[in-house]
Amino acid sequence: MEIVKVMQAFFINMDVRMYYEETDKPSSARTSNLNEELGEVSTILSDKTGTLTRNEMEFFKCSIAGVSYGTGVTEVQKAVPERAGKKLSSKEEEIFCSTLQKGFNLRDHRLENLRWQEDQRRYMIQRFLEILALCHTVVVEGEPNGGDIKYVGESPDEAAFVLAAKQLGVFFYRRSVTSLFIRFYQLNGGHDDGIYELLNTIDFSSTRKRMSVIVRDPSGQILLLCKGADNVIFERLCPEVEDWRDTTLKHMKEYGEAGLRTLALAYSILDEESYLEWQNRWINAKQSIMNSDKQNQILEVLAEEIEKNLILVGATAIEDKLQAGVPQTIHNLANAGIKIWVLTGDKMETAINIGYACNILQHNMSKHIIRLEDNSTLNAETLGGKSLNEVFASFVSEQIKAGQGALDAAIVHKEENSHAIIIDGMSLGLVFLDNDLKQMFLTLALQCDSVICCRVSPKQKALVTELVRHDGHKICLAIGDGANDVGMIQKANIGVGISGVEGQQASMAADFSIAQFRFLEQLLLVHGGWCYNRISFMVKYFFYKNFVFGFSIFFCNALTMFSGQSAFQDWFLSLYNVLFTALPVGVVAVLDQDVKSINRLRFPALYMQGQRNQCFTAWKVTLWLVNGIIQALLCVSVVFLGYSKYTDRENGQMVDIYTVGTTMFTSIVLIVNLQMAITIQYWTWIHHVAIWGECFIWFMFLLLSGELPHGKMIELHKLFISVLAPTCSFYIIVIMGTVIALLPSFAAMSVFRNFFPEDYQIIQEIERNDQRHVSACTKKTSSELGLELTQPGINGSAASLGFKYAHSSGIFDSRHAIESEVESSREFDSKELIDARQLYGSYKSGSMPIENIQIRHGIFDSRHAIESEVESSREFDSKDLTDTRQLYGSHKSRSTPIENIHRRHDDSLSIASFRMIKTRSSSLCRRIFFSR
């Protein structure tokens with residue numbers, strides 16, 4: 001078992017489909033104990049930044065002194081008209097596709113070329129840029145005068161802020177232990193250098209949600225510069241100062257709705273005397289020797305004391321674009337029955353719009369939002385003598401009950417809309433304080449398809465993961481990319497780390513490591529599904545083959561009146577599991593593919609068999625055990641009956657017990673190995689070597705053991721070559737015993753496959769039918785199909801033939817043909833390719849007969865055209881689609897003609913386009929489903 005799992009992990013590591021060329025990082029399985037659980041995942045808990053997104057921050061917009069700056073369209077804003085079937089204007093599309101500089105994409109003529117220095121708000125704009133250039137822990141790499149300078153920060157946000165300040169005229173170019181060096185560019189072309197003395201740095205933490213630095217500016221003034229989450233900063237603003245907080249809040253909400261990450265910026269001017277007194281206490285707390293938790297508490301109190309009476313300057317808006325393939329991956333994972341939970345520290349508006357952009361949320365979803373009311377509206381009368389936490393808990397409870405009521409009503413009315421929960425961090429914190437509230441939330445959440453938790457801390461991420469794993473009794477997978485996701489990853493059944501920009505902490509703590517979120521689809525749907533099926537089959541087969549062997553010994557003893565005399569030589573008992581039956585099951589458990597990888601991605605609903613544990617049910621295990629008992633009984637009966645009726649020995653002697661036992665063991669070895677051969681559907685040369693090699697090894701063992709000296713193996717000495725091999729009865733009994741024992745199993749498998757097929761067996765027939773038609777296409781001339789075919793190689797030929805069959809059968813939108821072409825074809829001549837969309841449109845409209853469609857070289861790559869066709873072929877014409885199961889059942893019962901059988905458009909399995917079945921005769925349909 002362990003060897004098999006290690007080999008499975010090896011093939012996961014070697015999968016080129018999960019290799020990210022840009023960073024030269026392959027996938028990595030850091031453990032082999034969880035391979036089968038990859039095929040049973042019910043819930044995915046994911047971080048957002050760096051996991052769903054690229055973690056490549058671009059300074060996109062900002063609000064300064066109540067004025068919003070920046071134009072352009074974000075990725076989320078672009079997705080809104082696309083969902084409505086609209087497109088951006090050519091100018092908007094051009095702006096969207098271009099970037100001014102990596103990390104900086106703010107477009108506004110009022111700030112460009114230092115024009116802001118002529119603005120009446122220039123003092124606040126300069127203060128805003130000062131905070132960006134000074135409030136950070138960024139390290140400068142390179143020479144400032146050389147122009148080749150690089151900012152390296154703890155997070156991509158910090159580097160983007162410093163770069164934005166540089167682009168707008170405030171250049172941070174050097175850092176020392178005690179000083180920060182800034183260069184202010186002037187509108188006349190000159191510049192002034194300023195040295196800011198760095199007095200204190202109050203670091204950012206997930207609890208504080210803000211960062212501050214205290215500096216002395218060139219004029220001698222002590223400034224506290226602070227940036228952080230809006231709710232944290234606005235709580236600490238000076239109430240006596242009339243500013244633009246309402247306007248800034250409005251701008252930040254708009255930025256959040258556009259999918260941008262926002263931070264508020266503020267400052268305060270500190271009195272020299274009060275600062276020095278605070279500084280002494282800060283240094284004493286830093287230098288004192290005490291418990292770290294107690295020290296952190298003291299430092300937190302001192303930070304709260306100094307970070308108050310702030311003056312709001314403005315807000316920043318950073319865009320972090322989604323990784324490639326994230327929306328489609330989430331869509332396929334949802335179709336596989338996996339529920340997606342996103343745990344993010346972003347604002348609720350930002351998280352909701354990101355959810356729409358990456359298909360976590362759909363417009364037809366019923367959304368249940370759980371968030372706390374603004375506590376500023378509460379007063380003594382509202383509290384009614386209750387504590388603030390009790391009132392908040394009642395708010396949260398009412399919202400959860402409302403969501404549960406709506407969900408129950410939808411179930412009663414049989415509404416098919418999916419549901420989603422969006423909950424904020426404060427509400428989630430109260431949920432974990434009350435066990436009843438926690439169970440109410442979990443019950444509601446597990447019934448929803450998507451859950452988004454906003455403004456959550458790393459500790460809350462871990463608590464949510466633990467709740468889903470232990471109380472939800474679901475196999476959950478956590479995926480993240482940073483150190484703040486380590487707790488969540490370690491709490492889940494399966495942890496997956498993204499080896500991205502934020503380092504390797506998550507990858508090192510995880511069970512599996514990948515470079516991009518989209519590789520999760522390959523890891524779960526393909527490798528997870530395969531490993532689950534393989535391990536399930538291996539365990540059942542181990543029980544089966546030992547039942548065959550064990551019960552054959554039992555039945556032999558029954559026929560000898562339980563005398564205790566063994567019919568098998570001792571070496572047979574020792575080597576049965578080690579040498580004679582071990583290799584085939586090991587090979588199958590490592591290499592078997594019930595369905596090709598491309599079809600596992602085409603039909604993600606196949607993954608549900610692992611979630612439901614359909615491959616390892618008590619019924620299926622029982623069938624295998626009963627099969628083993630029946631085969632043992634039949635094998636023993638055939639051998640004993642065969643040898644009891646006659647003898648073909650020259651001297652007329654009857655056979656001895658070891659002759660009977662060796663003949664029986666020969667049948668058992670053949671039965672067990674041939675049972676494997678008739679069960680599996682996926683064959684390679686390795687399978688042939690393993691299965692037929694085991695049979696060969698047995699006969700070689702029998703031959704060689706008989707040649708050993710007489711004292712080594714008395715029972716087997718010359719037994720095969722002198723007693724068994726020369727007689728016909730040995731061969732007749734072995735063949736009859738093997739065939740008769742396998743016949744019930746073969747008959748049962750045929751009945752189940754033809755009359756009660758499982759989903760994967762239907763896909764196997766589709767694959768087999770596709771392969772037959774690909775082979776048939778090679779026999780047709782190019783003039784018959786209107787296609788000119790060459791042989792560019794094995795992969796290229798197969799891909800081209802897939803398109804030949806697609807055209808000739810009228811299945812141009814067959815995902816199999818298109819995706820096979822994307823996978824296999826790599827080289828193309830752009831001058832000799834036809835755009836897939838144009839060709840498809842011409843064929844559908846009837847303006848171009850299929851005979852006139854020429855595809856030169858038979859390669860038809862044009863990756864852009866094909867991938868566009870893959871995207872457009874997501875939606876099928878319901879009139880041209882047929883439910884495979886309905887088609888199969890109706891065709892068998894003859895209750896419905898084959899021409900009138902149609903599938904519903906919302907079929908959960910989505911089994912390809914069946915125009916070819918509809919246009920073929922019923923005899924072809926019989927060949928599709930019944931031929932082996």
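1. Basis. The model is predicted: local features need pLDDT of at least 70, side-chain atom pairs count only at pLDDT 80 or more, and totals for chains, interfaces and linings use all residues. Residues are numbered from 1 along each chain as its sequence is written, and side-chain values use heavy atoms, with hydrogens and water left out.

2. Nonpolar patch. Trp619, Leu623, Val751, Phe752, Phe755 and Phe756 make a nonpolar surface patch of about 640 Å² (residues with over 30% relative accessible area and no salt bridge, nonpolar side chains being joined within 5 Å; areas by the Shrake-Rupley method with a 1.4 Å probe; a salt bridge is a side-chain nitrogen of Lys or Arg within 4 Å of a carboxyl oxygen of Asp or Glu). Helices α24 (618–645) and α28 (728–755) each supply at least two of the patch residues, and α28 gives the most, with 3 (helices are DSSP runs of H or I, at least four residues; strands are runs of E, at least two).

3. Tryptophan 619. This residue lies in helix α24 and is exposed, at a relative accessible area of 54% (exposed means over 50%, buried under 20%).

4. Strand β3. Of the 12 residues of β3 (residues 53–64), 10 are buried, so the strand is largely enclosed by the rest of the structure.

5. Partners of β3. Strand β13 (residues 311–322) runs antiparallel to β3 and is joined to it by 8 bridges (pairing requires at least two DSSP bridges). Methionine 57 has aspartate 320 of β13 as its bridge partner. Strand β4 (residues 67–69) also pairs with β3 in the antiparallel sense, over 3 bridges, and cysteine 62 stands opposite tyrosine 69 in β4.

6. Hairpin turn. β3 and β4 form a hairpin with 2 residues between them, and alanine 65 in the turn has a positive phi of about 55 degrees.

Methods:
Patches are made of residues with over 30% relative accessible area and no salt bridge: like charges are joined within 9 Å, nonpolar side chains (Val, Leu, Ile, Met, Phe, Trp, Tyr) within 5 Å. Buried means under 20% relative accessible area, exposed over 50%, partly exposed in between (1.4 Å probe, protein chains only).
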